[in-house]
Amino acid sequence: MSVTALIDADGWYTAAHRLPSPNFEARPGGIEPTLIVVHNISLPPDEFGGSAIAEFFQNRLDHDAHPYYDHLRGMRVSSHFVIHRDGRIEQYVSCNERAWHAGVSSFLGRERCNDFSVGIELEGSDRCAFEDAQYASLNDVVRALTRRYPIEALAGHSDIAPGRKTDPGPYFEWPRLQRDTQLPLQYFPYLGDV
Ligand SMILES: [Zn+2]
């Protein structure tokens with residue numbers, strides 16, 4: 001690629017496929033994101049490659065299409081990014097805005113992580129490894145984010161919502177992300193826990 005992908009002034013990643021979600025709001029006080037939260041998601045669980053994640057984040061999921069979707073009825077959620085198994089990157093919410101990915105959460109004592117974080121969902125589950133293409137795209141997105149915003153740390157959803165969330169799960173390779181991004185270890189306050 002001759003032109004380096006970046007997060008533009010409006011908070012959109014130039015290399016992502018844009019699928020705008022209505023599920024967002026302004027960051028309180030206009031604060032800039034300082035935390036990146038890594039998740040996994042698959043709909044239906046452990047099935048990859050469909051369009052249900054996009055439909056879910058855009059409030060147009062057919063809740064009768066699968067038994068699992070019934071309990072998602074009425075949920076309004078979103079993430080800034082989804083990285084699919086083939087490395088394809090989708091963006092649903094501008095990084096300048098507050099997406100609804102973390103829920104009740106606390107990062108090193110600071111609550112309401114959605115206020116000050118960017119959420120990245122990897123298409124996957126707690127029960128299998130992620131693809132090389134996903135690590136490559138994740139590295140690209142993290143590097144673009146750290147160039148654009150005063151990012152200070154990365155964490156898993158399970159780190160900021162322990163007991164309630166388990167993603168990105170035991171197969172996510174935090175040391176690999178640290179090596180890929182070449183960010184100092186202090187950016188990974190939970191790395192010693194894995
Ligand atoms: Zn999550």
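Q: Where is P168 found?
A: This is a predicted model, in which local features need pLDDT of at least 70, side-chain atom pairs count only at pLDDT 80 or more, and totals for chains, interfaces and linings use all residues. Residues are numbered from 1 along each chain as its sequence is written. Helices (H or I, at least four residues) and strands (E, at least two) are DSSP runs, numbered from the N terminus. P168 is found in the loop between α3 (157–160) and α4.

Q: Which residue does a cis peptide bond join to P168?
A: The omega of this bond is about 10°. The residue joined to P168 is D167.

Q: Which residue does a cis peptide bond join to P44?
A: P44 is found in the loop between β3 and α1. Omega of its cis bond is about -10°. The residue joined to P44 is L43.

Q: What pattern do the helices and strands of the chain follow along the sequence?
A: The chain has four helices and 10 strands. Read along the sequence, they give β-β-β-α-β-β-β-β-β-β-α-β-α-α.

Q: What is the radius of gyration of the chain?
A: The globule rule (2.2 Å times the number of residues to the power 0.38) is applied to a radius taken over C-alpha atoms. For 194 residues the rule gives 16 Å, and the chain comes close to that, so it is as compact as a globular protein of that length. The C-alpha trace spans about 45 × 40 × 35 Å along its principal axes. The radius of gyration is 16 Å.

Q: In which sense do β4 and β5 pair, parallel or antiparallel?
A: Three bridges link β4 and β5. The bridge partner of I83 is I89 in β5. The sense of the pairing is antiparallel.

Q: How many bridges join β3 to β9?
A: β3 runs parallel to β9 (residues 117–123). V37 stands opposite G119 in β9. β3 also pairs in the parallel sense with β10 (residues 153–156), over four bridges, and there I36 stands opposite L154. The number of bridges from β3 to β9 is seven.

Q: How many residues of β3 are buried?
A: A residue is buried if 20 or more other C-beta atoms lie within 10 Å of its own, exposed if 12 or fewer, and partly exposed in between, with C-beta atoms placed from the backbone. In a regular strand the side chains alternate between the two faces of the sheet. L35, V37, H39 and I41 point one way from β3, I36, V38 and N40 point the other way, and all are buried. Of the seven residues of β3 (35–41), the buried count is seven.

Q: Which members of the largest nonpolar core touch the most other members?
A: A nonpolar core is a set of buried Ala, Val, Leu, Ile, Met, Phe, Trp, Tyr and Cys residues joined through C-beta atoms within 7 Å. The largest has 41 residues, and those touching the most other members are I36, V37, I120, V141 and L145.

Q: Which elements are included in what covers the buried residues of α2?
A: The buried residues of α2 are Q134, S137, L138, D140, V141, V142, A144 and L145. Their cover includes β3, β4 (81–83), β5 (89–91), β9 and α4 (174–181).

Q: Which residues is P189 in contact with, leaving aside neighbours within four places in sequence?
A: Two residues are in contact if their C-beta atoms, placed from the backbone, lie within 7 Å. P189 is found in the segment after α4 and counts as partly exposed, because it has 15 C-beta neighbours inside 10 Å. Its C-alpha lies 8.9 Å from that of L108, which is 81 residues away in sequence. The contacts of P189 are L108 and A153.

Q: Is L108 buried or exposed?
A: L108 lies in the loop between β7 (106–107) and β8 (110–111). Its phi is near 50°, a positive value in a residue other than glycine. L108 has 11 C-beta neighbours inside 10 Å, so it counts as exposed.

How values were computed:
Two strands pair if DSSP finds at least two bridges between them.
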